[in-house]
Amino acid sequence: IQLAHLFDPLMAVHSSTVEPLPHQITAVYEAMMPRQPLRFLLADDPGAGKTIMAGLLIRELMVRGDLKRCLIVTPGNLSDQWQDELDQKFGLSFDIFSRDMVEAFRSGNPFDEKHQLIVRLDQLSRAEDLMAKLENTDWDLIVVDEAHKMSASWYGSKLKETKRYKLGKLLGKITRHFLLMTATPHNGKEEDYQAFLALLDSDRFMANIGMECIKL
């Protein structure tokens, strides 16, 4: 079973209850799967099926034995939708994080003991104790939906980091594969966009900002 993908390169498609559109297959199998490690911004129109693309990626990486621990960070109002779609369309069982889990686990750190977890963006970014617990874990893949909410803004030569942005920086450090998803990645300010992309590769994109400042 672990070698099935060698005979069927679209194993996740054929073992799920979805019929993906051509652009979704292209995005997952041609743009994302070949990247090792994956540090990727999936920016597509609303309704283009970004959740389906993420589900295909997760399932395909699991089938190929490249993913065991997966964390999904999403706005609170989308957490149930993510859980339902992953279960019904891909047969993937994800728990939604709650404060009760902290007391339920012997270690007090559900981020360490749970392998497939959905967590609400603001519940995590506003809680220093949860951030500290998360910092002591590592993941194979972290997916962030509505990732533009983890934005930062430049004021002169100083970058004003929001709590959500600081969460994004932490997430990038504790995972091998990192997928940001949004329909609105650019707010019209190039320097802010570079700061957003720095969540994926700080060395590359923060350096670009520095070079622009030198030119000015």
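Student: How many bridges join strand 1 to strand 8, and do these strands run parallel or antiparallel?

Tutor: The general idea is that strands of a sheet pair through backbone hydrogen bonds, either parallel or antiparallel. Here 5 bridges join strand 1 to strand 8, and the two run parallel. Two strands count as paired if DSSP finds at least two bridges between them. Helices (H or I, at least four residues) and strands (E, at least two) are DSSP runs, numbered from the N terminus.

Student: What kind of model am I looking at?

Tutor: It's a predicted model, where local features need pLDDT of at least 70 and side-chain atom pairs count only at pLDDT 80 or more, while totals for chains, interfaces and linings use all residues. Residues are numbered from 1 along each chain as its sequence is written, and side-chain values use heavy atoms, with hydrogens and water left out.

Student: In what order do the strands of the sheet come?

Tutor: This open sheet has 6 strands in the order 1-8-5-2-4-3, with parallel pairing. At the edges are strand 1 (39–43) and strand 3 (95–96), each pairing on one side only. Strand 5 is joined to strand 8 by 5 bridges, running parallel, and Val144 has Leu180 as its bridge partner in strand 8. Strand 2 (residues 70–74) and strand 4 (residues 116–120) also run parallel, joined by 5 bridges; there, Val73 has Val119 in strand 4 as its bridge partner.

Student: How many residues of strand 8 are buried?

Tutor: Buried means under 20% relative accessible area, exposed over 50%, and partly exposed in between (1.4 Å probe, protein chains only). Strand 8 is mostly covered, with 7 of its 8 residues buried. Helix 10 lies across strand 1, strand 2, strand 5 (139–144) and strand 8 (175–182), at about 140° to strand 8. For that angle, axes are lines fitted to C-alpha atoms, for helices over the stretch in contact, and angles run from 0 to 180 degrees between N-to-C directions.

Student: Which residues have the most contacts inside the largest nonpolar core?

Tutor: A nonpolar core is a set of buried Ala, Val, Leu, Ile, Met, Phe, Trp, Tyr and Cys residues joined through side-chain atoms within 4.5 Å. The largest one has 37 residues, and those with the most contacts inside it are Leu71, Phe111, Leu134, Ile142, Val144, Leu171 and Leu180. Its largest share, 4 residues, comes from helix 10 (residues 163–173).

Student: Why do the buried residues of helix 3 line one face?

Tutor: An α-helix has 3.6 residues a turn, so residues three or four places apart point the same way. In helix 3 (residues 22–32), the buried ones are Gln24, Ala27, Val28, Tyr29 and Met32. Seen down the axis of helix 3, they fall within an arc of 160°, so they line one face. That arc is taken from the directions from the helix axis to the C-beta atoms. The face turned away from the buried side carries the exposed residues Pro22 and Glu30.

Student: Where is Asn109, and is it buried or exposed?

Tutor: Asn109 is in the loop between helix 6 (99–104) and helix 7 (110–113), and is buried, with a relative accessible area of 10%. A polar atom of its side chain lies 3.1 Å from the backbone nitrogen of Phe111.

Terms used. Polar contact = N/O pair within 3.5 Å; in protein donor to acceptor, adjacent residues only side chain to side chain. Contact = heavy atoms within 4.5 Å.
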